[in-house]
Amino acid sequence: MFGKRPVNGLPAPGATPAPQAQAAALARTVSAQAPRPTDPIRQPEPAKPVHVMQEMVRSEEYYQTKSMIFGALIEAIDLAQLAKLDSESAREEIRDIINEIISLKNLVLSIAEQEDLLTDICNDILGYGPLEPLLARDDIADIMVNGPNRTYIEVGGKIQQTTIRFRDQQQLMNICQRIVSQVGRRVDESSPICDARLPDGSRVNVIAPPLAIDGAALTIRKFKKDKLTLDQLTRFGAITPEGAAILKIIGRVRCNVVISGGTGSGKTTLLNCLTNYIDDDERVITCEDAAELQLQQPHVVRLETRPPNLEGQGSITMRDLVKNCLRMRPERIIVGEVRGPEAFDLLQAMNTGHDGSMGTLHANSPREALSRIESMITMGGFSLPSRTIREMIVSSVDVIVQAARLRDGSRRITHITEVLGMEGDVIITQDVVVYDITGEDANGKLAGTHRSTGIGRPKFWERARYYNEEKNLAAALDAMEVRPEARTG
């Protein structure tokens, strides 16, 4: 097996060269008569986790060697024939050719360095290059590439820098092109902004030069391999079991729901969780800019917008998709994210017999979410009086669920708010469940409680009774109510 046998005078598998010898010899081409450095004896180091190995700081010589071998490999390989092979066979072919290149050039590399080079170059050709080890980690929520030499990740709600870097700007752009081309899109100077997705549904945004001054910026919002459920969110502390029960009832009894929150607050995750409680016999149609929702129902139609072509023609907007949904006999319409005038069409859908429709939008509170809906409709060029728009919102939206990412990196559902009606020109809302921050512990983690506001019968009580869920709703609300003695104690 390649990498397990000595090549051109490499040290034996048991020998471990000093770190200085490794760095100096990494890219050095030596003749057969050149003296070998002496390998000092040292204690074996304990095994490291896989993701730590990927975070090792690589020397400049490593990248020079990798670039030289990569160039020789491209000259020696038949890419057309390689494309016909499956992934495993292609990797074996590449390994054999790299082995020959290392032998011909008399490169002095340790076994570990050979394996690192093989993995990196295979990832460059067949995968997403230096991003592969980051994409393989399930604890990373976001990957942020700021040009070829700087990459950040978000772990546990906190951003940290990595040692991952790209060979040059061209390699980064090639990987961006590879990602977006999989969903029929492109990114270049004429179209420098692109939204796309990975095969697992992870959201991708690319903004390329000349708009990105210091090199292409690539942002990946990763989805966990195991789809989150409300029960898991409960274990993470995002909501209490009683609050989760209320959300399940809201999803089941076909309330029209708007999920509001800031960037990275978990809106899409929460929307995925709520859709788990849609009955299997309902026809659900989703509309998204980049398809990322992962609905579990059998009867789901997924629609995705399309950007314009090179001539600037052929774009399909979110409004086009939402309007077309109405002709597809939907029972529920799910809009991945409401950003513009499609808010008007979503309200129309909610108000014309498609109960249980859902969507997400960016806002910092339930009250701001209503203002955002109104402003998006106004910006869409609809010449409607403000009162008419607000009446439409009141008759369409039943519940607003507010998600937030707190300063310690944790994500919480902070409000479950229902829309009651209007008094004059003002929309009246009522909080059913709120999250109160009570302090923080010695580690800087915030502590808080979810509580019912004491509303005995929310506005959607009759809808819950229609679905035989009123007893469960009453039990959950009663269990969440904070007693006066608990407040004072």
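Predicted model: local features only at pLDDT ≥ 70, side-chain atom pairs only at ≥ 80, totals over all residues.
Biologist: What makes Leu-293 buried?

Modeller: The relative accessible area of Leu-293 is 5%, again under the limit, so Leu-293 is buried too. This residue sits in the loop between strand E8 (284–288) and strand E9 (300–304). Leaving aside neighbours within four places in sequence, Leu-293 is in contact with Thr-268, Leu-271, Asn-272, Thr-286, Glu-288, Arg-302, Ile-334 and Gly-336. For the whole chain, 46% of the 489 residues count as buried.

Biologist: Now the other end of the scale. Why does Arg-329 count as exposed?

Modeller: Arg-329 has 57% relative accessibility, which is over the exposed limit, so the word applies. Arg-329 lies in the loop between H12 and strand E10 (332–335). Asn-468 is judged in the same way: its 64% relative accessibility makes it exposed, and its place is in the loop between helix H16 (461–466) and H17.

Biologist: What is the phi of Arg-329?

Modeller: Phi of Arg-329 is near 55°, a positive value in a residue other than glycine. For Asn-468, phi is near 60°, also positive. Most residues other than glycine have a negative phi, and most peptide bonds are trans. On the peptide-bond side, the one from Pro-209 to Pro-210 is cis, with omega near 10°. Pro-210 is found in the loop between E5 and strand E6 (217–221).

Biologist: On to the helices. What makes H12 and H13 roughly parallel to each other?

Modeller: The axes of helix H12 (residues 318–325) and helix H13 (residues 342–350) come within 9 Å and cross at roughly 15°. Axes are lines fitted to C-alpha atoms, for helices over the stretch in contact, and angles run from 0 to 180 degrees between N-to-C directions. Angles under 35 degrees count as roughly parallel, over 145 as roughly antiparallel, 65 to 115 as roughly perpendicular and the rest as oblique. H12 and H13 are therefore roughly parallel.

Biologist: Which residues of H12 and H13 make the contact?

Modeller: H12 brings Met-318, Arg-319, Val-322 and Lys-323, and H13 brings Glu-342, Phe-344, Asp-345 and Leu-346. They divide into four nonpolar, no polar and four charged. Here Ala, Val, Leu, Ile, Met, Phe, Trp, Tyr, Cys and Pro count as nonpolar, Asp, Glu, Lys and Arg as charged, and the others, Gly among them, as polar.

Biologist: Why are H10 and H17 called roughly antiparallel?

Modeller: The axes of H10 and helix H17 (residues 470–480) come within 9 Å and cross at roughly 150°. That angle passes the antiparallel limit, so H10 and H17 are roughly antiparallel. The crossing of H10 with H17 is left-handed, meaning that the near helix is turned anticlockwise from the far one by less than a right angle (clockwise would be right-handed).

Biologist: Last one: which residues touch the most other members of the largest nonpolar core?

Modeller: A nonpolar core is a set of buried Ala, Val, Leu, Ile, Met, Phe, Trp, Tyr and Cys residues joined through side-chain atoms within 4.5 Å. Of the 37 residues in the largest one, Ile-246, Leu-247 and Ile-250 touch the most other members. Helix H10 (residues 241–252) gives the most to this core, with five residues. In soluble globular proteins, nonpolar side chains tend to be buried together.

Key. Residues numbered from 1 in each chain as written. Heavy atoms only, no water. Helix = DSSP H or I, 4+ residues; strand = E, 2+ residues; numbered from the N terminus. Contact = heavy atoms within 4.5 Å. Buried < 20%, exposed > 50% of the residue type's maximum accessible area, 1.4 Å probe, protein only.
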